Protein chains: 2
Amino acid sequence: MESTKFQPVEGGVCAAKGFAAAGVHCGIRRSQTKPDLALIKAEVRCAGAGCYTTNKVYGAPITVDREHLADGCAQAILVNSGNANTCAPGGVELARATCELAAQALGVAAADVLPSSTGVIGQAMSLEPFAAGIPAAAAKLEASAAGSHAAATAIMTTDTHPKEYAVEFTLGGKPCRIGAIAKGSGMIHPNMATMLLFMTTDVQAEPAVLRKALAEVVPATFNQITVDGDTSTNDTVLLLASGLAGAAVGPDGEGYQTFVAALTQVAEHLSRELAADGEGATKLLECTVTGAPDVLTARAVARSVVHSTLFKAAMFGADANWGRVLCAIGYTPGDFSIDKTSVRLRSRAGEVFVCENAAHRPYSEEEAAKVLAEDEIDILVDLGCGSAAAKAWGCDLTYDYVKINGDYRT
Amino acid sequence: MESTKFQPVEGGVCAAKGFAAAGVHCGIRRSQTKPDLALIKAEVRCAGAGCYTTNKVYGAPITVDREHLADGCAQAILVNSGNANTCAPGGVELARATCELAAQALGVAAADVLPSSTGVIGQAMSLEPFAAGIPAAAAKLEASAAGSHAAATAIMTTDTHPKEYAVEFTLGGKPCRIGAIAKGSGMIHPNMATMLLFMTTDVQAEPAVLRKALAEVVPATFNQITVDGDTSTNDTVLLLASGLAGAAVGPDGEGYQTFVAALTQVAEHLSRELAADGEGATKLLECTVTGAPDVLTARAVARSVVHSTLFKAAMFGADANWGRVLCAIGYTPGDFSIDKTSVRLRSRAGEVFVCENAAHRPYSEEEAAKVLAEDEIDILVDLGCGSAAAKAWGCDLTYDYVKINGDYRT
């Protein structure tokens, strides 16, 4: 279940002071209607940090993002859907050329533009649509909820709806914000799902502080999402801080903790949205592991449960199959005991306690069916051998997943 | 594609000298017709070795198998389907009691009986069906193809057909045999798939030699099968050697190599059969990785490809989606380069060369569709950075997989 410590606010990636966004159609996709180019621009040069896929095969834009963030600063994010610019001839040169175009249109340095792509891999991308699309997007930039919405829409592939979120929190008596847009698991042509996340904030922070905060938040949130276990070649999280709220975040202390908590709330909210909108999904699965010997074990167990194909299929069938939960816990790597494991299944409709000390616990099948008929299921696992906890998010495995990924051509 | 160095022969698990088998229905399952109890008996006390699931949650029979094989000897294998005897109250005691019953019926020591179970987990198993079933099975034991077939049928869950195989080879001028029965991915009630493999041979070998041979063959064959990535709690491979062929196998040398090659052929054949009969499968996928820096990397890459949910769905859709192959190679753990990777897709209908140096290679979509319309697809991956090779087997992801595992109650 979601917990909201900080107040959610409107505005998505434009909620924080100093950020404008836009989305346009420029012809990277064949579709004449679906927007395929998004632009996020900061009023000022921002401190920035990024996290990227661990896949050995990675998109050309990631190479350029690493170069452009080497100095810890950036001022714009340029995102296209329709082509992942991965394993594509001349991809890095093309990504650099798109940054040049954005630099001209926005009046910023090319080295302060961060490119990002999602779509089909292995196909050369043409610069032509960008030449027209970037000035068009630049002309439409809006520091508003509408601007964020247009950008969130332009980065979608088979996502069923755009994903935006923002929160407000207080630092040193000053209101500050973190906002974000995201795209999840989808494909425009047969390809891997890609997670893209663009976050902005108006706190003032050194790049090293942003990197530290991302390094804390990403493993506990975005890395705990699994739709099909395939790690995309283009997964990217970018965070820009404009400093325009007039409040500074240092590398530790109360201010830093508040910032990390707010960033975590944004990341958790979007992680849940990304998992719930996984391809073909009808249910969001949230596994909360408690009583683990350490946090890495807690995270691995939680991921293992929501990643289990058998359990995901059982959830689609609304079957309280705790044996599959236990099985998935059992094959999680790491040295921990399972003898004291308990499992509860919970939703808006109630809770069933199905497994205690790694053994069957009598429960009403009728009650379980009622709980599992909901579209948001919490799986509560207590390992009973420590005090560490973690969450992971996934979705059920459905006919539509197979249809989207196998049957799309027929 | 399968290579057969040694001559396949009839007789399955009874092909080697000294082994009889039977299968009966005794009421562990509710169904009145499906056999649920299998017995394999050796004329003499055999050298034996076993390999078991790495899941931290494992069946009670595995505890007893480890005890009973501690001295390296066994004379009978007792297998039931319908209940996995896992996370079940009193499971170990019950497994021991079934061994006592088998010992009485067969005139062997209880400590020489190896129990094995597959089916639903978390439910208490009753001794009653065994009390009637074991003497019935003992009375039906046959050292024949019919005996093997009856046993192979009794261990099936949702397998669509029984799985048996045997080969003949020559050691020191003497004909020797290895035979086996297997069950794969299926479930009688919502549960995890379980792989059970019972192999017999008439060579004479010390238990340590059998253990060494299994330790070589299992990682290259059975551990390279993936249907849904869920490691069962009950996976078991058992190998018994009667010595009745009059030929000895030592811990190394030519004879040992021949034995391992024959064992590998049996294991590979059954690995292919298990993968091809994966739940809901319409296609067998065999990934052959060459040019790897070492064999562990080769194995991991091959497994990663046939395990990729996205690639499995693409194969169901007969889509030559090499981007998904490359993506799966890229997220395989380990330190290796992907720049020189090539990918070919091959079947009886021909071959398409789809990716060279990790980039798109022009090919005919028509030709690719023809190749992928077949029910056995070879994915040939050359990493181009070494000389190690490995294979892995899997199957496509289909609507029926979701139906079997999610929708079974509706």
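I began at Arg346(B), which stands opposite Glu351(B) in E14(B). This is a predicted model, so I'm reading everything below as such.

**Entry 1: the hairpins of chain B**

I looked at how the strands around that pair connect. E13(B) and E14(B) make a hairpin, with two residues between them. Their pairing is antiparallel and runs over five bridges. I picked out one more pair from it: Val343(B) has Cys355(B) in E14(B) as its bridge partner.

Then I followed E14(B) onward. E14(B) and E15(B) run antiparallel and are joined by two bridges. Here Glu356(B) stands opposite Ala359(B) in E15(B). This hairpin also has two residues between its strands, and I noted that Asn357(B) takes a positive phi near 50° in it.

**Entry 2: the whole sheet in chain B**

I wrote down the strand order next. The sheet is open, has six strands and reads E15-E14-E13-E16-E12-E17 in chain B, with mixed pairing. Which strands stand at the edges? They are E15 (359-360) and E17 (388-395) of chain B; each has a single partner strand, so one side of each is left without a neighbour in the sheet.

I checked what lies on the sheet. Helix H7 (residues 295-307) of chain B lies across E12 (284-292), E16 and E17 of chain B, and runs at about 20° to E17(B).

H10 (residues 365-372) of chain B was my next stop. Ala368(B), Val371(B) and Leu372(B) are buried in this helix. Seen down the axis of H10(B), the buried residues fall within an arc of 90°, so they line one face of the helix.

I repeated the strand count in chain A. Six strands form an open sheet there, ordered E15-E14-E13-E16-E12-E17, and the pairing is mixed. E15 (359-360) and E17 (388-395) of chain A stand at the edges with a single partner strand each, so one side of each lacks a neighbour in the sheet. E14 (residues 350-356) of chain A runs antiparallel to E15(A), and two bridges join them. In that pairing, Cys355(A) has His360(A) in E15(A) as its bridge partner. H8(A) packs on the sheet and touches E12 (284-292), E16 (376-382) and E17 of chain A; its direction makes about 125° with that of E12(A).

I zoomed in on Ala302(A), which sits in helix H7 (residues 295-307) of chain A. Buried or exposed? Ala302(A) has 0% relative accessibility, so I count it as buried. Beyond its neighbours within four places in sequence, Ala302(A) contacts Gln224(A), Cys287(A), Val289(A), Ala390(A), Lys391(A) and Ala392(A). With Val289(A), 13 residues apart along the chain, the C-alpha separation is 5.8 Å.

**Entry 3: where A meets B**

I looked up a helix pair across the two chains. H8 (residues 309-316) of chain A and H11 (residues 399-406) of chain B pack at about 75°, with axes 7 Å apart. H8(A) and H11(B) are therefore roughly perpendicular to each other. On the H8(A) side I listed Thr309(A), Leu310(A), Ala313(A), Ala314(A) and Phe316(A), which meet Tyr401(B), Val402(B), Asn405(B) and Gly406(B) in H11(B).

**Entry 4: E3(B) and its partners**

I went back to chain B for strand E3 (residues 37-52). E2 (residues 19-24) of chain B runs antiparallel to E3(B), joined by six bridges; Ala22(B) has Leu39(B) as its bridge partner there. E4 (residues 73-83) of chain B is also antiparallel to E3(B), with seven bridges, and Ala38(B) partners Val79(B). E10 (residues 236-241) of chain B pairs with E3(B) in the antiparallel sense over six bridges. In that pairing Gly48(B) has Leu240(B) as its bridge partner.

**Entry 5: Thr201(B)**

At 0% relative accessibility, Thr201(B) counts as buried. What lies by its side chain? A polar atom of the Thr201(B) side chain is 2.7 Å from the backbone oxygen of Arg177(B), and one is 3.3 Å from the backbone nitrogen of Val203(B). Leaving out residues up to four places away in sequence, Thr201(B) touches residues including Ala16(B), Phe19(B), Leu240(B) and Phe259(B).

Methods: Residues numbered from 1 in each chain as written. Chains lettered and ligands numbered in written order. Predicted model: local features only at pLDDT ≥ 70, side-chain atom pairs only at ≥ 80, totals over all residues. Heavy atoms only, no water. Helix = DSSP H or I, 4+ residues; strand = E, 2+ residues; numbered from the N terminus. Buried < 20%, exposed > 50% of the residue type's maximum accessible area, 1.4 Å probe, protein only. Contact = heavy atoms within 4.5 Å. Arc of directions from axis to C-beta. Polar contact = N/O pair within 3.5 Å; in protein donor to acceptor, adjacent residues only side chain to side chain. Pairing = 2+ DSSP bridges. Axes fitted to C-alpha atoms, helices over the stretch in contact; angles between N-to-C directions. Parallel < 35°, antiparallel > 145°, perpendicular 65-115°, else oblique.
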